Amino acid sequence: MSESGEVHPLSADTRILHVLAETTGPVVEVAKLAVLGHLRAGFKVAVAAHRSILGTFGVPEELADNFREIELAARRRFTLADPNTAFTLHKYYQHVDIVHAHGLHAATLAGLAFTGLPAKLHPKVVATIESFDAANVIEKTGAEIVGRTATALLGTTEPVVDYFGEKVPVVERAELVHPDIDVDLTVRTPRAQVRRELGVEEGTWMIASPIALRDHTALATVLDAADQINTQRPGRPVVTVLTGTGKDRSTIESAFADRNVIVAPAGDLVDVAAAADVVIASETMTGLSHEDLMQLSKPAVFIGNPRRAGIWGAAAKAVDADDTDALLSEINHLLDDPAGRGSQAVAAKKRVIDVNNGAEISATLLDLYAEVAESSDS
(Lines give C-alpha, C1' and ligand atoms only; values in the text may rest on other atoms or scores of the structure.)
Protein backbone atom coordinates (compact mmCIF):
# COMPACT_ATOMS: atom_id res chain seq x y z
CA MET A 1 0.00 0.00 0.00
CA SER A 2 1.36 3.41 -0.88
CA GLU A 3 1.54 6.36 1.49
CA SER A 4 -1.72 7.62 0.04
CA GLY A 5 -3.36 4.29 0.81
CA GLU A 6 -3.58 3.28 -2.85
CA VAL A 7 -3.22 -0.44 -3.47
CA HIS A 8 -0.64 -1.49 -6.06
CA PRO A 9 -1.59 -4.94 -7.37
CA LEU A 10 1.39 -6.91 -8.64
CA SER A 11 0.90 -8.48 -12.04
CA ALA A 12 0.49 -12.26 -11.88
CA ASP A 13 3.13 -12.50 -14.62
CA THR A 14 5.81 -10.84 -12.48
CA ARG A 15 9.02 -12.87 -12.34
CA ILE A 16 10.98 -12.51 -9.11
CA LEU A 17 14.67 -13.27 -8.59
CA HIS A 18 16.05 -13.45 -5.04
CA VAL A 19 19.84 -13.02 -4.81
CA LEU A 20 21.95 -14.16 -1.86
CA ALA A 21 25.66 -14.63 -1.38
CA GLU A 22 26.63 -16.66 1.67
CA THR A 23 24.02 -14.71 3.56
CA THR A 24 23.18 -15.96 7.06
CA GLY A 25 21.10 -14.93 10.04
CA PRO A 26 17.86 -12.92 10.05
CA VAL A 27 18.30 -11.68 6.46
CA VAL A 28 18.33 -15.19 5.00
CA GLU A 29 15.44 -16.19 7.28
CA VAL A 30 13.35 -13.49 5.65
CA ALA A 31 14.53 -14.48 2.17
CA LYS A 32 13.41 -18.08 2.70
CA LEU A 33 9.99 -17.00 3.98
CA ALA A 34 9.63 -14.60 1.08
CA VAL A 35 10.47 -17.24 -1.54
CA LEU A 36 7.91 -19.69 -0.17
CA GLY A 37 5.28 -17.00 0.25
CA HIS A 38 5.76 -15.70 -3.28
CA LEU A 39 5.55 -19.20 -4.73
CA ARG A 40 2.34 -19.86 -2.81
CA ALA A 41 0.96 -16.59 -4.17
CA GLY A 42 1.43 -17.98 -7.67
CA PHE A 43 4.50 -16.07 -8.85
CA LYS A 44 7.45 -17.46 -10.79
CA VAL A 45 10.41 -17.31 -8.40
CA ALA A 46 14.12 -18.00 -8.82
CA VAL A 47 16.92 -17.96 -6.27
CA ALA A 48 20.50 -17.11 -7.23
CA ALA A 49 22.77 -18.02 -4.34
CA HIS A 50 25.91 -19.72 -3.17
CA ARG A 51 25.73 -23.52 -3.29
CA SER A 52 25.68 -23.67 0.52
CA ILE A 53 22.26 -21.99 0.50
CA LEU A 54 20.67 -23.66 -2.51
CA GLY A 55 18.51 -26.61 -1.55
CA THR A 56 17.67 -25.15 1.88
CA PHE A 57 14.47 -23.34 0.93
CA GLY A 58 12.14 -26.27 1.54
CA VAL A 59 10.06 -25.73 -1.57
CA PRO A 60 7.27 -28.36 -1.64
CA GLU A 61 6.83 -30.48 -4.73
CA GLU A 62 3.54 -28.87 -5.73
CA LEU A 63 5.29 -25.48 -6.07
CA ALA A 64 8.44 -26.71 -7.78
CA ASP A 65 7.27 -25.95 -11.34
CA ASN A 66 7.47 -22.20 -10.66
CA PHE A 67 10.82 -22.37 -8.85
CA ARG A 68 14.37 -22.25 -10.23
CA GLU A 69 17.79 -22.25 -8.58
CA ILE A 70 20.91 -20.56 -9.97
CA GLU A 71 24.29 -21.31 -8.41
CA LEU A 72 26.57 -18.36 -7.72
CA ALA A 73 30.20 -18.40 -6.62
CA ALA A 74 29.59 -15.39 -4.35
CA ARG A 75 31.03 -15.81 -0.86
CA ARG A 76 30.24 -13.86 2.27
CA ARG A 77 32.73 -11.15 1.31
CA PHE A 78 34.09 -9.79 -1.93
CA THR A 79 36.36 -12.13 -3.93
CA LEU A 80 37.92 -12.39 -7.37
CA ALA A 81 34.91 -14.47 -8.42
CA ASP A 82 32.55 -11.50 -8.13
CA PRO A 83 32.84 -10.24 -11.74
CA ASN A 84 31.76 -13.65 -13.02
CA THR A 85 28.92 -13.71 -10.51
CA ALA A 86 27.72 -10.30 -11.65
CA PHE A 87 27.88 -11.46 -15.26
CA THR A 88 25.80 -14.54 -14.41
CA LEU A 89 23.10 -12.29 -12.96
CA HIS A 90 23.44 -9.99 -15.98
CA LYS A 91 22.50 -12.85 -18.30
CA TYR A 92 19.31 -13.58 -16.36
CA TYR A 93 18.13 -10.00 -15.94
CA GLN A 94 16.26 -9.88 -19.25
CA HIS A 95 14.10 -12.75 -17.96
CA VAL A 96 13.06 -11.21 -14.60
CA ASP A 97 11.05 -8.18 -13.45
CA ILE A 98 12.00 -7.79 -9.78
CA VAL A 99 15.38 -8.57 -8.22
CA HIS A 100 15.48 -8.74 -4.42
CA ALA A 101 19.06 -8.86 -3.16
CA HIS A 102 19.51 -9.92 0.46
CA GLY A 103 22.63 -8.48 2.11
CA LEU A 104 25.14 -5.80 1.09
CA HIS A 105 27.33 -8.15 -0.94
CA ALA A 106 24.40 -9.61 -2.85
CA ALA A 107 22.99 -6.13 -3.47
CA THR A 108 26.34 -4.89 -4.75
CA LEU A 109 26.54 -7.80 -7.20
CA ALA A 110 22.95 -7.15 -8.25
CA GLY A 111 23.88 -3.56 -9.03
CA LEU A 112 27.06 -4.50 -10.91
CA ALA A 113 24.98 -6.85 -13.08
CA PHE A 114 23.41 -3.81 -14.80
CA THR A 115 26.73 -3.08 -16.52
CA GLY A 116 26.21 -3.11 -20.28
CA LEU A 117 22.50 -3.94 -20.01
CA PRO A 118 20.14 -1.74 -22.06
CA ALA A 119 17.86 0.34 -19.85
CA LYS A 120 14.73 -1.26 -21.33
CA LEU A 121 15.89 -4.62 -19.96
CA HIS A 122 16.60 -3.37 -16.44
CA PRO A 123 14.60 -5.15 -13.73
CA LYS A 124 13.77 -3.21 -10.57
CA VAL A 125 16.15 -3.92 -7.69
CA VAL A 126 15.05 -4.14 -4.07
CA ALA A 127 17.93 -4.48 -1.58
CA THR A 128 17.81 -5.58 2.04
CA ILE A 129 20.90 -4.25 3.79
CA GLU A 130 22.16 -5.17 7.23
CA SER A 131 24.56 -3.02 9.26
CA PHE A 132 27.84 -2.24 7.50
CA ASP A 133 31.00 -0.24 8.10
CA ALA A 134 30.89 2.94 6.03
CA ALA A 135 34.54 3.55 6.96
CA ASN A 136 35.54 0.31 5.23
CA VAL A 137 36.50 1.18 1.64
CA ILE A 138 35.11 -2.03 0.15
CA GLU A 139 31.81 -1.90 2.01
CA LYS A 140 31.41 1.82 1.32
CA THR A 141 32.00 1.20 -2.39
CA GLY A 142 29.36 -1.52 -2.32
CA ALA A 143 26.92 0.81 -0.59
CA GLU A 144 27.56 3.46 -3.25
CA ILE A 145 26.75 0.96 -5.99
CA VAL A 146 23.55 0.00 -4.20
CA GLY A 147 22.65 3.67 -3.80
CA ARG A 148 22.94 4.17 -7.57
CA THR A 149 21.16 1.01 -8.72
CA ALA A 150 18.45 0.09 -6.20
CA THR A 151 14.89 1.32 -6.56
CA ALA A 152 13.96 0.35 -3.01
CA LEU A 153 16.03 -0.36 0.07
CA LEU A 154 15.08 -2.10 3.29
CA GLY A 155 17.47 -1.43 6.18
CA THR A 156 17.60 -3.79 9.15
CA THR A 157 18.64 -0.91 11.42
CA GLU A 158 17.80 2.78 11.61
CA PRO A 159 21.39 3.90 10.75
CA VAL A 160 21.16 1.96 7.47
CA VAL A 161 17.81 3.60 6.70
CA ASP A 162 19.31 7.02 7.43
CA TYR A 163 22.39 6.33 5.28
CA PHE A 164 20.36 5.52 2.18
CA GLY A 165 17.53 7.97 2.89
CA GLU A 166 18.38 10.42 0.11
CA LYS A 167 20.16 7.95 -2.18
CA VAL A 168 17.38 5.49 -3.05
CA PRO A 169 13.81 6.39 -4.12
CA VAL A 170 12.08 4.13 -1.57
CA VAL A 171 13.81 3.49 1.78
CA GLU A 172 12.11 1.66 4.64
CA ARG A 173 12.89 -0.36 7.75
CA ALA A 174 13.14 -4.08 7.02
CA GLU A 175 10.81 -6.41 8.85
CA LEU A 176 12.55 -9.33 10.51
CA VAL A 177 11.00 -12.62 11.56
CA HIS A 178 12.10 -12.10 15.14
CA PRO A 179 12.88 -8.41 15.79
CA ASP A 180 16.35 -7.70 17.13
CA ILE A 181 15.52 -6.10 20.47
CA ASP A 182 17.30 -5.04 23.63
CA VAL A 183 15.32 -6.97 26.25
CA ASP A 184 17.03 -5.02 29.02
CA LEU A 185 15.70 -1.58 28.05
CA THR A 186 15.25 0.03 31.47
CA VAL A 187 13.22 2.99 32.69
CA ARG A 188 15.35 4.72 35.33
CA THR A 189 13.30 7.74 36.37
CA PRO A 190 9.76 7.63 37.82
CA ARG A 191 7.01 8.97 35.58
CA ALA A 192 6.03 11.79 37.95
CA GLN A 193 9.63 13.00 38.26
CA VAL A 194 10.11 13.02 34.48
CA ARG A 195 7.00 15.14 34.06
CA ARG A 196 8.08 17.59 36.76
CA GLU A 197 11.50 17.99 35.18
CA LEU A 198 9.92 18.67 31.80
CA GLY A 199 7.57 21.24 33.32
CA VAL A 200 4.43 19.22 32.56
CA GLU A 201 1.80 20.18 35.11
CA GLU A 202 -0.34 17.66 36.97
CA GLY A 203 -3.56 16.77 35.17
CA THR A 204 -1.99 17.25 31.73
CA TRP A 205 -2.04 14.63 29.00
CA MET A 206 1.42 13.95 27.63
CA ILE A 207 2.11 12.82 24.06
CA ALA A 208 5.70 11.83 23.22
CA SER A 209 7.47 11.04 19.97
CA PRO A 210 11.04 10.26 18.89
CA ILE A 211 10.25 11.50 15.37
CA ALA A 212 13.31 12.96 13.62
CA LEU A 213 13.41 16.75 13.89
CA ARG A 214 14.24 17.59 10.32
CA ASP A 215 12.06 18.78 7.47
CA HIS A 216 9.62 16.03 6.43
CA THR A 217 5.88 15.76 6.04
CA ALA A 218 5.17 13.59 9.07
CA LEU A 219 6.95 16.03 11.41
CA ALA A 220 4.95 18.95 10.03
CA THR A 221 1.75 16.98 10.68
CA VAL A 222 2.77 16.11 14.25
CA LEU A 223 3.53 19.77 14.96
CA ASP A 224 0.23 20.84 13.37
CA ALA A 225 -1.65 18.35 15.51
CA ALA A 226 0.16 19.53 18.66
CA ASP A 227 -0.85 23.10 17.83
CA GLN A 228 -4.51 22.20 17.31
CA ILE A 229 -5.27 19.51 19.87
CA ASN A 230 -6.00 21.80 22.81
CA THR A 231 -8.71 23.60 20.87
CA GLN A 232 -10.46 20.23 20.56
CA ARG A 233 -9.94 19.24 24.22
CA PRO A 234 -10.71 22.34 26.30
CA GLY A 235 -11.06 20.44 29.60
CA ARG A 236 -7.66 18.82 30.15
CA PRO A 237 -4.56 20.28 28.49
CA VAL A 238 -2.31 18.22 26.20
CA VAL A 239 1.43 18.72 25.80
CA THR A 240 3.56 17.13 23.07
CA VAL A 241 7.13 16.19 23.98
CA LEU A 242 9.64 15.52 21.19
CA THR A 243 12.75 13.49 21.95
CA GLY A 244 14.18 13.28 18.44
CA THR A 245 17.26 14.90 17.00
CA GLY A 246 17.87 16.63 13.69
CA LYS A 247 18.91 19.90 12.13
CA ASP A 248 15.59 21.61 12.98
CA ARG A 249 15.65 20.73 16.66
CA SER A 250 16.60 24.20 17.94
CA THR A 251 14.20 25.92 15.53
CA ILE A 252 11.29 23.81 16.73
CA GLU A 253 12.27 24.31 20.35
CA SER A 254 12.02 28.10 20.00
CA ALA A 255 9.18 28.40 17.47
CA PHE A 256 6.78 26.05 19.27
CA ALA A 257 7.62 26.83 22.90
CA ASP A 258 4.31 28.67 23.33
CA ARG A 259 2.26 26.00 21.55
CA ASN A 260 2.40 23.21 24.13
CA VAL A 261 5.40 21.57 22.46
CA ILE A 262 8.47 20.63 24.50
CA VAL A 263 11.76 19.47 23.00
CA ALA A 264 13.15 17.12 25.63
CA PRO A 265 16.81 17.31 26.72
CA ALA A 266 19.10 14.83 25.02
CA GLY A 267 19.57 11.56 26.88
CA ASP A 268 16.12 11.36 28.47
CA LEU A 269 14.34 9.68 25.59
CA VAL A 270 13.58 6.30 27.21
CA ASP A 271 12.26 7.85 30.41
CA VAL A 272 10.30 10.49 28.51
CA ALA A 273 8.59 7.96 26.26
CA ALA A 274 7.78 5.80 29.28
CA ALA A 275 6.19 8.79 31.04
CA ALA A 276 3.84 9.56 28.15
CA ASP A 277 0.16 8.67 27.92
CA VAL A 278 0.43 8.06 24.16
CA VAL A 279 3.41 7.83 21.82
CA ILE A 280 3.64 8.67 18.12
CA ALA A 281 5.82 6.35 16.05
CA SER A 282 6.92 7.23 12.55
CA GLU A 283 8.98 5.93 9.65
CA THR A 284 11.80 8.27 10.63
CA MET A 285 12.78 8.28 14.30
CA THR A 286 16.01 8.88 16.20
CA GLY A 287 17.30 7.35 19.40
CA LEU A 288 14.45 4.87 19.80
CA SER A 289 13.38 2.15 17.40
CA HIS A 290 9.91 0.71 16.94
CA GLU A 291 10.95 -2.28 19.05
CA ASP A 292 12.13 0.06 21.82
CA LEU A 293 8.77 1.83 21.92
CA MET A 294 6.95 -1.50 21.96
CA GLN A 295 9.00 -2.65 24.93
CA LEU A 296 7.83 0.39 26.89
CA SER A 297 4.21 -0.84 26.63
CA LYS A 298 2.77 2.42 25.39
CA PRO A 299 -0.41 2.93 23.34
CA ALA A 300 0.75 4.28 19.99
CA VAL A 301 -0.26 5.91 16.74
CA PHE A 302 1.90 5.33 13.67
CA ILE A 303 2.29 8.14 11.12
CA GLY A 304 3.60 7.44 7.64
CA ASN A 305 3.38 4.77 4.97
CA PRO A 306 0.75 2.24 6.14
CA ARG A 307 2.93 -0.62 4.96
CA ARG A 308 5.56 0.33 7.54
CA ALA A 309 2.93 0.24 10.28
CA GLY A 310 2.95 -3.53 9.83
CA ILE A 311 5.77 -3.80 12.32
CA TRP A 312 3.24 -2.78 15.01
CA GLY A 313 0.53 -5.26 14.06
CA ALA A 314 -2.67 -4.46 15.95
CA ALA A 315 -0.73 -2.43 18.53
CA ALA A 316 -1.03 0.88 16.64
CA LYS A 317 -3.38 2.56 14.21
CA ALA A 318 -1.75 4.09 11.12
CA VAL A 319 -2.40 7.52 9.64
CA ASP A 320 -0.98 9.05 6.47
CA ALA A 321 1.98 11.40 6.81
CA ASP A 322 -0.02 14.45 5.71
CA ASP A 323 -3.31 13.78 7.53
CA THR A 324 -3.51 16.01 10.60
CA ASP A 325 -7.22 15.32 11.15
CA ALA A 326 -6.64 11.56 11.22
CA LEU A 327 -3.74 11.92 13.66
CA LEU A 328 -5.82 14.10 15.96
CA SER A 329 -8.70 11.65 15.75
CA GLU A 330 -6.56 8.66 16.73
CA ILE A 331 -4.87 10.52 19.60
CA ASN A 332 -8.19 11.79 20.93
CA HIS A 333 -9.68 8.32 20.67
CA LEU A 334 -6.89 6.86 22.81
CA LEU A 335 -7.00 9.66 25.38
CA ASP A 336 -10.75 9.11 25.78
CA ASP A 337 -10.50 5.33 26.03
CA PRO A 338 -8.56 4.05 29.07
CA ALA A 339 -9.35 0.42 28.24
CA GLY A 340 -8.17 0.94 24.67
CA ARG A 341 -4.91 2.46 25.89
CA GLY A 342 -4.35 -0.51 28.14
CA SER A 343 -5.05 -3.13 25.48
CA GLN A 344 -2.79 -1.39 22.96
CA ALA A 345 0.01 -1.15 25.52
CA VAL A 346 -0.23 -4.89 26.17
CA ALA A 347 -0.35 -5.62 22.44
CA ALA A 348 2.77 -3.51 21.88
CA LYS A 349 4.77 -5.40 24.50
CA LYS A 350 3.62 -8.74 23.06
CA ARG A 351 4.92 -7.71 19.64
CA VAL A 352 8.49 -7.85 20.93
CA ILE A 353 8.03 -10.89 23.15
CA ASP A 354 5.95 -13.28 21.07
CA VAL A 355 6.25 -11.85 17.58
CA ASN A 356 6.82 -14.19 14.68
CA ASN A 357 5.54 -12.22 11.74
CA GLY A 358 6.84 -14.49 9.01
CA ALA A 359 3.38 -15.04 7.60
CA GLU A 360 3.03 -11.31 6.91
CA ILE A 361 6.49 -10.66 5.50
CA SER A 362 6.04 -12.16 2.04
CA ALA A 363 2.78 -10.27 1.50
CA THR A 364 4.36 -6.99 2.65
CA LEU A 365 7.22 -7.52 0.20
CA LEU A 366 4.82 -8.19 -2.67
CA ASP A 367 3.16 -4.87 -1.93
CA LEU A 368 6.55 -3.15 -2.03
CA TYR A 369 7.40 -4.91 -5.31
CA ALA A 370 4.15 -3.63 -6.80
CA GLU A 371 5.03 -0.06 -5.84
CA VAL A 372 8.52 -0.50 -7.26
CA ALA A 373 7.19 -2.02 -10.48
CA GLU A 374 5.07 1.08 -11.08
CA SER A 375 7.94 3.50 -10.50
CA SER A 376 9.51 5.26 -13.47
CA ASP A 377 13.17 5.14 -12.42
CA SER A 378 15.43 2.68 -14.15
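View 1. T128 sits in strand β5, which spans residues 124-129; strands here are DSSP runs of E with at least two residues, and helices are runs of H or I with at least four, numbered from the N terminus. This is a predicted model, in which local features need pLDDT of at least 70, side-chain atom pairs count only at pLDDT 80 or more, and totals for chains, interfaces and linings use all residues. Residues are numbered from 1 along each chain as its sequence is written, and side-chain values use heavy atoms, with hydrogens and water left out. T128 counts as buried because its relative accessibility is 8% (buried: under 20% relative accessible area; exposed: over 50%; partly exposed in between; 1.4 Å probe, protein chains only).

**View 2. Strand β1 and its partners.** Look for β1 at residues 15-20: 5 of its 6 residues are buried, so the rest of the structure largely encloses this strand. β1 pairs with strand β2 (residues 44-50) in the parallel sense over 5 bridges; pairing requires at least two DSSP bridges between two strands. Here R15 stands opposite K44 of β2. Strand β4 (residues 98-102) also runs parallel to β1, joined by 5 bridges, and V19 has A101 in β4 as its bridge partner.

**View 3. Strand β11, covered on both faces.** In β11 (residues 278-282), 5 of the 5 residues are buried, so the strand is largely enclosed by the rest of the structure. V278, I280 and S282 lie on one side, V279 and A281 on the other. In a regular strand, side chains alternate between the two faces of the sheet. β11 and strand β12 (residues 300-303) are parallel, with 4 bridges, and S282 stands opposite I303 in β12.
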